Amino acid sequence: MGIIETLLVTTTLSGVVGTGLGGLIGALLQKESNRTVSLLLSFAAGVMLSVVCFDLITEAVATEVGVYTVIAAIAAGVIIIYLLNYWIDRKTNPEVPHIDEHHPKTADDLDELIHSDHYREHAKTDNKLALFMAGVVMACAIALHNVPEGMTIGASYASNDGVMGSSALVLAVLIGLHNIPEGMAVSVPLISGGMGKVKAVVMTALSGAPTILGALLGFLLGDIGPLGLALSLGFASGAMLYVVFGEILPQSYLMYHSKLPAFSAIFGILVGMLIIFA
């Protein structure tokens, strides 16, 4: 297979198949364990953090376009993803009854993070337009996480001269694992809201498709030269840093009140270092 074909197959497996597998598990079991999901998310966050800090950012600095350019790209990734998430939350949270002034500012369950709770509220009515718009909002919320995740794979791929190196492959596997509980969180409320199991699993799998778009963006931008590579690696790193510190880790603590998510994240960082440097 060629470079682009390999990238497309890898990110399809990571995004669509990973999320779809989670949707299938959710459809069959129709339940999820907050403890298991919390520890899985925090572990994946730790490995992602390790790969971002010890590999992607290092690669961006090694392009020698200047550390200030890399810092600016990282800051842009953080700010843009934060603003997009803030805008979606501000539009949707008032429509969900259990989210009020006493609710944590960070999502305390996966269905809040991806706004499937918002979709479930609209599913209680017969307004097809409102239900469609709620589905669009949910897709956008998932895309905000999956696009930068895909960009990290594509940018890492570009930094290795179009060879699927260990970092890009590990990222793809980890993102695929991370997408499994996300897929469970999408399909369970959809089925509970009355959607058929097959349709819910298909919709869940398609929600992972933005990973492919992100991977193509990351690779194509990183393939145009040192500046493009630095910007691609920096932006993807910043976006992932926000997702890890602003959403995944706070959410994992709220889902499971324990010190175990911290140890799981630290273990993930160490595993990431082992993958990169061993």
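Mentor: Before we start, a helix axis here is a line fitted to the C-alpha atoms over the stretch in contact, and angles run from 0 to 180 degrees between N-to-C directions. Please also keep in mind that this is a predicted model.

Trainee: How are helix α3 and helix α6 oriented to each other, roughly parallel, roughly antiparallel, roughly perpendicular or oblique?
Mentor: Helix α3 covers residues 67-92 and helix α6 covers residues 128-159, and their axes come within 11 Å and cross at roughly 165°. Angles over 145 degrees count as roughly antiparallel. The orientation of α3 to α6 is therefore roughly antiparallel.

Trainee: Which residues of α3 make the contact with α6?
Mentor: On the side of α6, the contact is formed by V137, C140, A141, L144, H145 and P148. By class, the residues of this contact of α3 with α6 comprise 8 nonpolar, 3 polar and no charged. The partners contributed by α3 are I81, L84, N85, I88 and T92.

Trainee: Is I81 buried or exposed?
Mentor: I81 lies in helix α3, and, leaving aside residues up to four places away in sequence, I81 touches L144, P148, A239, Y242 and V243. Its relative accessibility is 5%, and the cut-off for buried is under 20%. I81 therefore counts as buried.

Trainee: In which hand does α2 pass α10?
Mentor: Helix α2 (residues 34-62) packs with helix α10 (residues 226-255) at an angle of about 155°, the axes being 9 Å apart, and the two helices are therefore roughly antiparallel to each other. Their contact has 19 nonpolar, 7 polar and 1 charged residues. The crossing by which α2 passes α10 is left-handed.

Trainee: What kind of aromatic pair do F43 and F267 form?
Mentor: A search of the whole structure finds 4 aromatic pairs. For F43 and F267, the ring centres are 5.7 Å apart and the planes stand at 35°, and this pair links distant parts of the chain, with F43 in helix α2 and F267 in helix α11 (residues 260-277), 224 residues apart. Planes under 30 degrees apart count as stacked and over 60 as edge-to-face. The pair of F43 and F267 is therefore tilted.

Trainee: And what kind of pair do Y82 and Y242 form?
Mentor: Y82 in helix α3 and Y242 in helix α10 are 160 residues apart, so that this pair, too, links distant parts of the chain. Their ring centres lie 5.9 Å apart, with the planes at 75°. The pair of Y82 and Y242 is therefore edge-to-face.

Trainee: Which residues do ring pairs link into a cluster?
Mentor: At 38% relative accessibility, Y82 counts as partly exposed, whereas Y242, at 16%, counts as buried. Both belong to a cluster that ring pairs hold together, and its members are Y82, Y86 and Y242.

Notes: Residues numbered from 1 in each chain as written. Predicted model: local features only at pLDDT ≥ 70, side-chain atom pairs only at ≥ 80, totals over all residues. Heavy atoms only, no water. Helix = DSSP H or I, 4+ residues; strand = E, 2+ residues; numbered from the N terminus. Parallel < 35°, antiparallel > 145°, perpendicular 65-115°, else oblique. Left-handed = near helix turned anticlockwise from the far one by under 90°. Nonpolar A, V, L, I, M, F, W, Y, C, P; charged D, E, K, R; others polar. Contact = heavy atoms within 4.5 Å. Phe/Tyr/Trp six-rings, centres within 6.5 Å; stacked < 30°, edge-to-face > 60°. Buried < 20%, exposed > 50% of the residue type's maximum accessible area, 1.4 Å probe, protein only.
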